[in-house]
Amino acid sequence: MEAEKKAISLLSKLRNELQTDKPIVPLVEKFVDTDVWNQYLEYQQSLLNEGDGKPRWFHSPWLFVECYMYRRIHEAIIQSPPINDFDVFKESKEQNFFESQESIIALCTHLQELVRTIDDLDENQLKNEFFKFLQISLWGNKCDLSLSGGESSSQKMSIINSLEDLKPFILVNDFEHLWSLLSSCKRTREKASVRVDIILDNAGFELVTDLVLADFLLSSKLATEVHFYGKTIPWFVSDTTVHDFNWLVRQVKHCNHKWMSRCGADWERYIEMGRWVYHDHVFWTLPHEYSAMSQVAPDLYAELQKAHLILFKGDLNYRKLTGDRKWEFTIPFHQALNGFHPAPLCSIRTLKAEIQVGLQPGQGEQLSATDPHWLTTGKYGVFQFDGPL
Ligand SMILES: [Mg+2]
């Protein structure tokens with residue numbers, strides 16, 4: 001109870017600093033990333049020469065301040081042993097999973113029925129199924145607790161039946177590039193490994209859509225191994241940690257539904273066999289944009305270079321890929337990546353932040369005219385690819 005009281009008082013101090021636009025202060029508690037964070041804060045400070053020269057909540061770049069807020073929430077917890085490994089968002093993440101049960105059953109059933117006949121599918125049918133699983137993973141990204149302010153964001157409708165109706169909301173669709181990349185890997189690398197890396201976003205329903213996609217990639221032999229990357233600490237409310245990942249696979253396996261538990265058993269086997277690999281890296285919860293990864297986290301950059309394709313899920317990844325700049329809508333994705341290119345990559349993202357690049361001339365203006373909130377509601381999505389075309 002003493003620890004809880006301490007954490008709550010640290011959190012209310014944080015809330016007060018935020019609400020009254022106080023200067024951003026260095027982190028105090030020693031943790032693996034504390035020095036890197038404080039160096040980044042100094043760097044932000046060096047960019048300012050107005051006022052008192054201190055970064056503040058209302059004035060500093062949003063990407064930095066938003067990441068800093070989640071890091072400070074974590075600091076309040078690690079400063080309060082013995083609850084220093086408590087996940088403040090655990091309950092809402094688990095609730096999202098349980099409230100999405102029917103949708104999850106529908107997805108698992110679809111996957112298991114498909115897997116049974118997958119070797120009989122011709123090239124075109126396989127391509128259609130691949131596109132279907134990608135769209136499921138895209139729209140799974142709508143379920144975001146940082147967007148809904150922690151309110152329920154579960155998936156209650158079956159997503160598979162809505163895919164056709166949702167197609168007009170895909171603003172950039174580079175699906176053909178993904179298909180030709182993986183299908184040519186499959187043809188030319190008969191015995192070698194083909195690796196797809198997925199940089200995860202949210203736990204709960206979205207994570208199920210990502211695992212279903214990853215299962216399809218193995219079952220269809222479009223890939224031979226899939227690597228996942230999650231967050232080291234609780235992040236942006238619903239983001240996946242290693243605990244969420246393992247918890248979800250266990251839940252799916254122990255479910256009372258035949259096809260769902262079959263999925264869970266398959267997934268556990270993939271992990272045991274090393275065909276699914278989960279990676280932790282502190283870089284994902286730093287404030288840096290991805291063009292800085294090769295300097296800040298060269299080991300992680302080198303790991304990503306081993307992939308044939310990297311899928312970046314969600315909005316925060318998109319903001320970090322593009323540096324969260326105020327880009328023109330028509331700037332090419334490749335240019336916004338600012339030299340970040342460990343391997344061919346694709347952003348799979350529903351739009352929740354005011355940034356979008358790589359649109360056709362006039363497309364952004366037309367959207368603004370018909371739907372003023374198109375950038376932030378999660379209603380629209382993209383498959384945006386950068387790689388050899
Ligand atoms: Mg998220």
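Modeller: A donor is an N, O or S atom within 2.8 Å of the metal, a cut-off that is wider for Na, K and Ca. The structure discussed here is a predicted model.

Biologist: What makes D201, N202 and D239 donors of the magnesium ion?

Modeller: The magnesium ion is coordinated by D201 through OD, N202 through OD1 and D239 through OD, at 2.1 to 2.2 Å.

Biologist: Why is N202 called buried?

Modeller: The term requires under 20% relative accessible area. N202 has 1% relative accessibility and therefore counts as buried. D239, at 2%, counts as buried by the same rule.

Biologist: How do you know which strands stand at the edges of the sheet?

Modeller: The open sheet has seven strands in the order β1-β7-β6-β5-β2-β3-β4, with mixed pairing. β1 (170–173) and β4 (276–280) each have a single partner strand, so one side of each is left without a neighbour in the sheet. From one strand to the next, the twist averages 15°.

Biologist: What makes β2 and β3 a pair?

Modeller: Pairing requires at least two bridges between the strands. Strand β2 (residues 195–199) and strand β3 (residues 225–230) are joined by five, in the parallel sense, and therefore meet the criterion. V196, for instance, has V226 in β3 as its bridge partner.

Biologist: What makes both faces of β6 covered?

Modeller: L345, S347 and R349 on one side, and C346, I348 and T350 on the other, are all buried. In a regular strand the side chains alternate between the two faces of the sheet. Six of the six residues of β6 (residues 345–350) are buried.

Biologist: Why are the buried residues of α16 said to line one face of the helix?

Modeller: Those residues of helix α16 (residues 363–370) are Q363, G364 and L367. Seen down the axis of α16, they fall within an arc of 95°, so they line one face. On the other side of α16, E365, Q366 and A369 are exposed. The cover over the buried residues of α16 includes β1.

Biologist: Which residues touch the most other members of the largest nonpolar core?

Modeller: They are F130, F228 and W267, in a core of 62 residues. Helix α9 (residues 205–219) supplies the largest share of this core, 10 residues. Beyond neighbours within four places in sequence, the contacts of W267 include V208, L211, V212 and D215. Helix α9 lies across β2, β3, β4 and β5 (309–313), at about 160° to β3.

Technical notes. Residues are numbered from 1 along each chain as its sequence is written. This is a predicted model: local features need pLDDT of at least 70, side-chain atom pairs count only at pLDDT 80 or more; totals for chains, interfaces and linings use all residues. Side-chain values use heavy atoms; hydrogens and water are left out. A nonpolar core is a set of buried Ala, Val, Leu, Ile, Met, Phe, Trp, Tyr and Cys residues joined through side-chain atoms within 4.5 Å. Buried means under 20% relative accessible area, exposed over 50%, partly exposed in between (1.4 Å probe, protein chains only). Helices (H or I, at least four residues) and strands (E, at least two) are DSSP runs, numbered from the N terminus. Contact means heavy atoms within 4.5 Å. Axes are lines fitted to C-alpha atoms, for helices over the stretch in contact, and angles run from 0 to 180 degrees between N-to-C directions. Donors are N, O and S atoms within 2.8 Å of the metal (3.2 Å for Na, K and Ca); water is not among the atoms, so sites may look incomplete. The arc is that of the directions from the helix axis to the C-beta atoms.
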